[in-house]
Amino acid sequence: MIAAPMKPEQEEQRMKTLPTAPPARPVIETIDLRKVYVTGDTELEALKSVTLSIPTGAFVAITGPSGSGKSTFMNLVGCLDRPTSGSYRLAGQDVSGLNETELAHVRGRRLGFVFQGFNLLQQVTTLENVELPMVYAGVPTKERRERATAALESVGLGDRLQHRPAQLSGGQQQRVAIARSLVNRPALILADEPTGNLDTKTTGEVLDIFQKLHEEGISIVVVTHEPEVARRCGDTIMFRDGALVEDQEQINAWKERR
Ligand SMILES: Nc1ncnc2c1ncn2[C@@H]1O[C@H](COP(=O)(O)OP(=O)(O)OP(=O)(O)O)[C@@H](O)[C@H]1O
Ligand SMILES: [Mg+2]
């Protein structure tokens, strides 16, 4: 049966009752996130009740002294480890209760990782390194090759497809790692000290690529000890002794440092 057309006042009433678009979900939302490491009979609370929300599309720096919990936080946010307690939503999905297999799936499909030491496979080409996450995701060979080539071109390495990591400079290797982090079109890129092994010029080049990805709408979180790197990011979050530093003035003062 075809419904009779609505009268204008009915239509207006219907529009009023339609739900408005939901606000964009934060890409990271943690509530009382805790991590306790147990070594022998010693317990160490590396992360203490961290409640934090990072908006989708943000470009955020995480800083803080050595041992303050930055990598611990990144490992939890990156679904590489499970919290002792608390909850974590990644782009709206509660991932705190997932098992190992489910976490691996989330890592492969929704996250990209960039590490200080690049973590490339030495015995294969740059192209094969970038294809790897798509092998795990079951992407067909031809598409894999095309997407890996495009990702390498987007980081300025279209002419280095057949090189092995040892034949590239540090900055080029990190750009390969960024290309690899991109190929599964992640919601979030997590980078732990991505410029720690790079000189100033190459650091600038890597940050230019992050800036471009940020402008394309990808959410990026970068752990860094370098104030000049943090200045390039939109916001800075600081950890101390496993907890967030709330004092924005302190954070700004650190970022002003040369
Ligand atoms: N797997 C682990 N087992 C036991 N303790 C750990 C483990 N990983 C980290 N820790 C401890 O947890 C605390 C936080 O470590 P974390 O690696 O998160 O610090 P960080 O802020 O990343 O430091 P850095 O700037 O040196 O990389 C440290 O005291 C560290 O010794
Ligand atoms: Mg660390």
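Guide: Let us begin with contacts: two residues are in contact if their C-beta atoms, placed from the backbone, lie within 7 Å. In the protein chain, 71% of the contacts with a separation of 6 or more join residues 24 or more positions apart. This is a predicted model, in which local features need pLDDT of at least 70 and side-chain atom pairs count only at pLDDT 80 or more, while totals for chains, interfaces and linings use all residues. Residues are numbered from 1 along each chain as its sequence is written, and chains are lettered from A and ligands numbered from 1 in the order in which they are written.

Visitor: How many helices and strands does the protein chain have?

Guide: Helices (H or I, at least four residues) and strands (E, at least two) are DSSP runs, numbered from the N terminus. The protein chain has 9 helices and 10 strands.

Visitor: Why is α6 described as largely enclosed?

Guide: A residue is buried if 20 or more other C-beta atoms, placed from the backbone, lie within 10 Å of its own. In α6, 11 of the 13 residues are buried, so the helix is largely enclosed by the rest of the structure. Among these buried residues are Arg175, Val176 and Ile178; their cover includes β6 (111–115), α5 (141–154) and α7 (200–215). Across the 258 residues of the protein chain, 37% count as buried.

Visitor: Which element gives the largest share of the shell around ligand 1?

Guide: That element is α2, with 3 residues. The residues surrounding ligand 1 include Tyr37, Gly69, Lys70 and Ser71.

Terms used: Near = placed C-beta within 6 Å. Buried ≥ 20, exposed ≤ 12 C-beta atoms within 10 Å, placed from the backbone.
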